[in-house]
Amino acid sequence: MRTNAYADSMSLMGLSAKVNDLPYVIKAVIGMATELNKGVMGDVGLLTPEVEAATSRDQVLVVQCATEADCDRALAEVDIIRANTEAAGGGDSVFRTAREAFAQTPGANMVLISVPGEYAAAEARQALSAGKNVMIFSDNVSVSDELELKTFGHEHGLLVMGPDCGTAIINNVGLCFANAVRPGNIGIVAASGTGSQELSVRVDALGAGISQLIGVGGRDLSEDIGGVMMRDGLAMLDADPDTAVIVVLSKPPADAVATRVLDAVTAVSTPVVVCFIGSPHDGSVDNGRVTVATNTRDAALAAVRLATGNPSLTDTTSYDFPYSDIHTGWAPGQRFIRGLFCGGTVCDEIFHVIRAAHEDTFTNIAKTPANLLSPGESSRGHTLIDLGADEFTRGRPHPMIDPTLRNSRIVAEATDPKTAVIALDFELGRGSHPAPVSAAVSAIQQARKVAAESGRTLEFIAYVLGTDTDPQGKADQISALDDLGVRVVASVIDLGEQALKLIPQRQESMA
């Protein structure tokens, strides 16, 4: 117990993941003693009387090990991990309150908020009142609070990125789950976390760079919020002399909001690429400066063509596998893709690719009831799961930080005799797991063993979202997947398209 010792949720999630990785720890939970976290501890059998009595101002660590000595060892290791993390921070100043921070760092104009959702709005109000832009990483902020904050920000010329905003790049500084991409003249304003990550790394792969990446949070284009920050971000990028091309990125917005955003797009002088993922547009907004794309791969290529003045530029990173090397002895009925994703937009983009070819495609983030997989429901048909959805992350680290939940699902999918292909994503960048592929090795090997014991084989196909300058090193992660015999593709869209090409081959072999 650490009484009256607040720490932000992102740092505690990272700490919890490291403690759970200790070989002598059976399970551990670290967090503030909020009612939500108490519920999580109860669900996993770690709720103690001391935790029940704690307040939301208290930080708690509960570990379960085989022996009491191992528990003491784990608790001692936590202090070592904390100290190493603080040392790696380079001696950054630590303040007890936001007001103290504002007074001591008057030149700072951006506040990153990562506190439990019930406190996030109050912290954001304080920052905005002090004239600071805000990025709200926290989720579970009410719609009414979000609208109030964004209305205030709009009226005072301040950015309100979020709530539930996971990615931004401001003046070449990556915030939260951002990748190390080269600077350039392409600006992004996005209501999509991993979608904006994918867009930025695709731009980087094509030899161009990012001026600014403004995240606005997944609800910004809802009818309740009305795209307030999407439109403000668009105007800011239009006024930025370092931005030559703007990309507007989102999942399909509400119709009325889409009209407002498209009206704002036609009003700017900078060329714009509009990408409402999975929602083809008829091009009626094209005023000579607007290009419409339906996925991040095409949006990145269109943006780089405009930024470089090279309309014939092609994307040479995509490639087909030699499908002649696929096994021919598949078990009867073994024909479905099972996608297990850390990135929500990754899952959504691949869903649209596979759903276009097969109606029996299901996901936990579908907008259409016919394709919706309910929480706790077993996989059926082609199933694609966003393991970063709220149902999986309440009180738990995001799977980009701690892949434990996905690893167990990989093995579970291997027990289904209908599973043929397992598709995975591995997100790199600051804040993500330091070695995401290594963390999945055991699960992939176990899944293959489970299938083999039943006379089946499995194909694994994966995408590494990142760059070679990310801390994890993209080339190193791809090499590790190659060593496992996992097929690696060049983009999110390629992951969906190449997974589909594996399935017909299998079906032909079964005929």
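Which strands does helix H6 (residues 117-129) lie across? Helix H6 lies across S3, S4 and S5, running at about 165° to S4. Welcome to this predicted model, in which local features need pLDDT of at least 70, side-chain atom pairs count only at pLDDT 80 or more, and totals for chains, interfaces and linings use all residues. Residues are numbered from 1 along each chain as its sequence is written, and side-chain values use heavy atoms, with hydrogens and water left out. Helices (H or I, at least four residues) and strands (E, at least two) are DSSP runs, numbered from the N terminus.

**The three-stranded sheet**

- Strands S3, S4 and S5 make an open sheet in the order S3-S4-S5, with parallel pairing; two strands pair if DSSP finds at least two bridges between them.
- Because strand S3 (110-113) and strand S5 (160-161) are at the edges with a single partner strand each, one side of each has no neighbour in the sheet.
- Strand S4 (residues 133-136) runs parallel to S5 and is joined to S5 by two bridges.
- Met135 has Met161 in S5 as its bridge partner.

**The six-stranded sheet**

- Another open sheet has six strands in the order S14-S15-S13-S16-S17-S18, and here too the pairing is parallel.
- Its edges are strand S14 (361-363) and strand S18 (487-489), each with a single partner strand, so one side of each is left without a neighbour in the sheet.
- On average, neighbouring strands of this sheet are turned by 20° against each other, direction ignored.
- Three bridges pair S14 with strand S15 (residues 382-386) in the parallel sense, and Thr363 stands opposite Leu384 in S15.
- Helix H15 (residues 436-453) lies across S16 and S17, at about 170° to S16.
- H8 lies across strand S16 (419-427) and strand S17 (459-465), at about 80° to S17.

**Helices that pack together**

- Two packed helices are described by the angle between their axes and the distance between the axes.
- Axes are lines fitted to C-alpha atoms, for helices over the stretch in contact, and angles run from 0 to 180 degrees between N-to-C directions.
- Helix H8 (residues 193-205) packs with helix H12 (residues 344-357) at an angle of about 80°, their axes 6 Å apart.
- H8 and H12 are therefore roughly perpendicular to each other (angles under 35 degrees count as roughly parallel, over 145 as roughly antiparallel, 65 to 115 as roughly perpendicular and the rest as oblique).
- Gly193, Thr194 and Gly195 of H8 make the contact with Gly344, Thr345 and Val346 of H12, where contact means heavy atoms within 4.5 Å.
- The axes of H6 and helix H7 (residues 143-155) cross at roughly 5° and come within 11 Å, which makes H6 roughly parallel to H7.
- In this pair, Ala121, Ala124, Arg125, Leu128 and Ser129 of H6 meet Asp145, Glu148, Leu149 and Phe152 of H7.

**Cysteines and a buried glutamate**

- The whole structure has zero disulfides, a disulfide being a pair of cysteine sulfur atoms within 2.5 Å.
- The closest cysteine sulfur to that of Cys165 is in Cys176, 7.2 Å away and so too far for a bond.
- Cys165 is buried at 3% relative accessibility (buried means under 20% relative accessible area, exposed over 50%, partly exposed in between, with a 1.4 Å probe and protein chains only).
- Glu413, found in helix H14 (residues 404-414), is buried with a relative accessible area of 4%.
- Leaving aside neighbours within four places in sequence, Glu413 is in contact with Arg338, Leu340, Ser379, Thr419 and Ile422.
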